Amino acid sequence: LSWGRCTRKGNILYLHVFDWPQDGVLRVPMQVKVTGAHLLAAPGEPLPIEPHPRGFVVRLPNGGATFLSPADGGTNAAAPHAAGPVVVKLTIEGEPVVAPPLTRHKPATASFGDAQKAFDGSAGRSWEAQKGDKAGWVEVDLQRPEPVAALAFDEPHRGAGKRGQKFRLTVREGDAWRAVASGETKGYGASANFAPVTGQVFRLEIFESKDTAAVAEFQLYRPE
């Protein structure tokens, strides 16, 4: 999620908001019936829920300005950036349905080895470069142009936290590749949000690693 994380306990969802949307709207790409919503710190003040093509939206009080720092255009100097996330509590009925990532079981290739291991939804199977090779890539064909706005990739449990892999995401445009996002893994992998880009073939390039380059799962997501 571009704004934070979602956790669950029974019929309660908790939206942990780290990065406040400028329009004060949390877009949640999940199909489920929501029967109640409020800030965890303000249980007596319900928040409005509205349907959205990919799920639903939660509108924050005052468009979220109450919780934004002046630098972000808000009025509260004690912004959540410094104090930690603000949490929205949702009560739901039924089992939430979340669409799988765009990359799941799509055609894939790699610089070496079985690329499908990075796209099969199993964290227990990993793609790895040739032993000792600290660079490599995996490439996925979404089979049609798709808007993409976020990536996530998990590292194998073996050697977790020790690889420190530097990576970039590129999209194929004709005969060339354009960089979309980059970063470095810390712990068990990495994630990144970026301005939406439409493309069909994407490549995750690992260009530096402290161990053999490896990916347990590589995922791309549509804009919320």
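pLDDT is the predictor's confidence in each residue, from 0 to 100. The structure is a predicted model, in which local features need pLDDT of at least 70 and side-chain atom pairs count only at pLDDT 80 or more, whereas totals for chains, interfaces and linings use all residues. Residues are numbered from 1 along each chain as its sequence is written, and side-chain values use heavy atoms, with hydrogens and water left out.

The protein has a mean pLDDT of 86, with 88% of its residues at 70 or more. Over residues 67-82 pLDDT stays under 50. For this segment the model has 28 contacts (heavy atoms within 4.5 Å) beyond four places in sequence. Where pLDDT is low, the predicted coordinates should not be read in detail.

One helix and 15 strands make up the list of elements; helices (H or I, at least four residues) and strands (E, at least two) are DSSP runs, numbered from the N terminus. Of contacts between residues at least 6 apart in sequence, 71% join residues at least 24 apart. The protein has 224 residues, of which 43% count as buried. Buried means under 20% relative accessible area, exposed over 50%, and partly exposed in between, with a 1.4 Å probe and protein chains only. The accessible surface (Shrake-Rupley method, 1.4 Å probe; for residues, only the protein chains shown count as cover) comes to about 11,400 Å², and 51% of this surface belongs to carbon and sulfur atoms.

The largest pocket holds about 920 Å³ of space. It is lined by 36 residues, and those closest to its centre are Leu1, Ser2, Pro29, Tyr221 and Glu224. A pocket is here an open set of points on a 1 Å grid over the protein atoms alone, where a 1.4 Å probe fits, with protein on both sides within 12 Å along at least five of seven lines; lining residues have an atom within 4 Å of a point. Grid points are joined across faces, edges and corners, and the volume is the space filled by probe spheres set on the points. At least two lining residues come from each of strands E1 (4-9), E3 (25-28), E10 (136-154), E13 (189-208) and E15 (217-221). Strand E13 gives the most, with five residues. By type, the lining has 24 nonpolar, six polar and six charged residues, where Ala, Val, Leu, Ile, Met, Phe, Trp, Tyr, Cys and Pro count as nonpolar, Asp, Glu, Lys and Arg as charged, and the others, Gly among them, as polar.

Val32 lies in strand E4 (residues 31-39) and counts as buried because its relative accessibility is 18%. Beyond four places in sequence, Val32 touches Phe56, Ile92, Glu93, Gly94, Glu95 and Pro96. Phe56 is 24 residues from Val32 along the chain, and their C-alpha atoms are separated by 8.4 Å. Ser126 is placed in the loop between strand E8 (108-110) and strand E9 (127-128). With a relative accessibility of 19%, Ser126 also counts as buried, and its contacts beyond four places in sequence are Lys117, Pro156, Val215 and Ala216.

Most residues other than glycine have a negative phi. His105, in the loop between strand E7 (86-97) and E8, has a positive phi near 60 degrees. His105 is exposed, since its relative accessible area is 55%. Gln143, in strand E10, has a positive phi near 75 degrees, and is exposed at a relative accessible area of 53%.
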